[in-house]
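Please open the model in your viewer and keep the selection panel at hand. The stops below say what to select next and what is there.

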Amino acid sequence: MSIQVEHVSKVFGRQVALNDINFTVNSGEIAGFIGPNGAGKSTTMKIICSLMAPSAGEVRINDINVAQHSVEIRRKLGYLPENNPLYVEMYVKEYLRYVAGLYKLGKRISSRVTEVIGLTGLGPEMNKKIGILSKGYRQRVGLAQAIIHDPEILILDEPTSGLDPNQIVEIRNLISSLGKEKTVILSTHIMQEVEAICQRVIILNKGQVIANDLTGNISAWSGTESHTVVVEFSQDPDEMIFKSLSGAALIRKLRAGTWLIETAGDYDIRGDLFNLAVSNNLVILSLHRKDRKLEDVFRELTS
């Protein structure tokens with residue numbers, strides 16, 4: 001199912017939280033929804049889930065207006081909010097059975113609860129009270145309730161918050177697997193997470209969408225045409241030898257024998273470095289160009 005956000009604005013008193021934002025997440029995509037704190041990400045997610053009405057504009061899911069058909073849409077949607085509210089006095093399995101009952105799963109309740117407990121790795125904790133669980137396991141319970149009714153769309157606000165590195169990998173793998181059959185919007189501050197599992201990146205800043213593209217294309221949004229090369233020599237050359245490199249805009253020594261060189265434009269300087277090494281009797285141990293990371297683009301667009 002596709003998600004269309006069309007000219008959505010949200011105003012709280014004098015505070016403009018969202019200012020005429022537009023984007024589409026296609027059916028079957030995992031979209032990384034990123035931005036600084038206070039950018040409007042959680043507000044947007046609540047509007048998509050019909051938990052909050054926009055001040056202007058509309059959200060459509062498969063061309064169905066969310067505000068006008070909120071009950072129908074909620075049946076197709078799973079939501080993990082940032083603060084992950086849970087009934088802490090309930091046991092894990094009891095809570096999931098309760099949520100499954102709200103979705104009227106009927107005879108499927110027992111089998112679906114067992115399946116979701118397995119998917120989210122809650123087996124060792126399923127007979128414990130939610131209130132005594134670690135933050136990481138509470139996040140797993142939150143994710144379990146979001147997928148208990150097998151929704152076609154998942155809205156996940158910081159799903160790996162509080163998880164240890166091993167748990168993060170497990171939940172990432174689960175989200176990737178779910179994304180093969182569902183449309184997912186994933187909010188996170190972990191750029192590597194977006195690069196690892198998302199096909200699309202949407203960057204929000206000060207209530208506006210400032211970038212929206214496939215993950216592989218997002219680096220073009222920075223407007224910076226430059227390349228960074230790291231070269232390691234067997235010896236430690238003097239910085240003066242780099243003065244002949246006409247395409248270099250920045251030259252910085254990282255450690256003995258290793259230098260970082262940034263070009264002024266879209267110019268591959270590696271051939272020039274090879275010739276420089278030959279003319280100065282230097283041996284290159286390694287030479288590689290650093291690709292621009294999502295984190296670099298994010299910082300340039302939002303700083």
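**Stop one: helix H1 and its end**

Select Ser50, which follows helix H1 and has a positive phi, near 65°. Helices (H or I, at least four residues) and strands (E, at least two) are DSSP runs, numbered from the N terminus. This is a predicted model, in which local features need pLDDT of at least 70 and side-chain atom pairs count only at pLDDT 80 or more, whereas totals for chains, interfaces and linings use all residues. Residues are numbered from 1 along each chain as its sequence is written, and side-chain values use heavy atoms, with hydrogens and water left out.

Now extend the selection to H1 itself, residues 41-48, where seven of the eight residues are buried, so the helix is largely enclosed by the rest of the structure. Buried means under 20% relative accessible area, exposed over 50%, and partly exposed in between (1.4 Å probe, protein chains only). The buried residues of H1 are Lys41, Ser42, Thr43, Thr44, Met45, Ile47 and Ile48.

Select residues 153-157, strand S7, in which five of five residues are buried. In a regular strand the side chains alternate between the two faces of the sheet. On one side of S7 lie Ile153, Ile155 and Asp157, on the other Leu154 and Leu156, and all of them are buried.

**Stop three: the nonpolar cores**

Select Ile34, Tyr95, Leu96, Leu122, Val141, Leu156 and Ile175, the residues with the most contacts inside the largest nonpolar core, which has 45 residues. Helix H5 (residues 135-147) gives the most to this core, with six residues. A nonpolar core is a set of buried Ala, Val, Leu, Ile, Met, Phe, Trp, Tyr and Cys residues joined through side-chain atoms within 4.5 Å.

Centre on Ile175, which touches Ile30, Leu156, Pro159, Val184, Leu186 and Ile197, not counting residues up to four places away in sequence; contact means heavy atoms within 4.5 Å. A second, separate core of 26 residues includes Ala31, Ile61, Ile155 and Ile202.

**Stop four: strand S13**

Select residues 258-263, strand S13, where five of the six residues are buried. Strand S11 (residues 228-233) runs antiparallel to S13 and is joined to it by five bridges, Thr228 having Glu262 as its bridge partner. Strand S12 (residues 248-255) also pairs with S13 in the antiparallel sense, over six bridges, and here Arg252 is partnered by Leu260. S12 and S13 form a hairpin with two residues between them, and Gly257 in the turn has a positive phi of about 85°.

**Stop five: two further backbone angles**

Most residues other than glycine have a negative phi. Select His7 in strand S1 (residues 3-12), which has a positive phi of about 50° and is partly exposed at 48% relative accessibility. Finish at Lys104, in the loop between helix H3 (92-102) and helix H4 (109-119), where phi is near 55° and the residue is exposed, with a relative accessible area of 74%.

How values were computed:
Two strands pair if DSSP finds at least two bridges between them.
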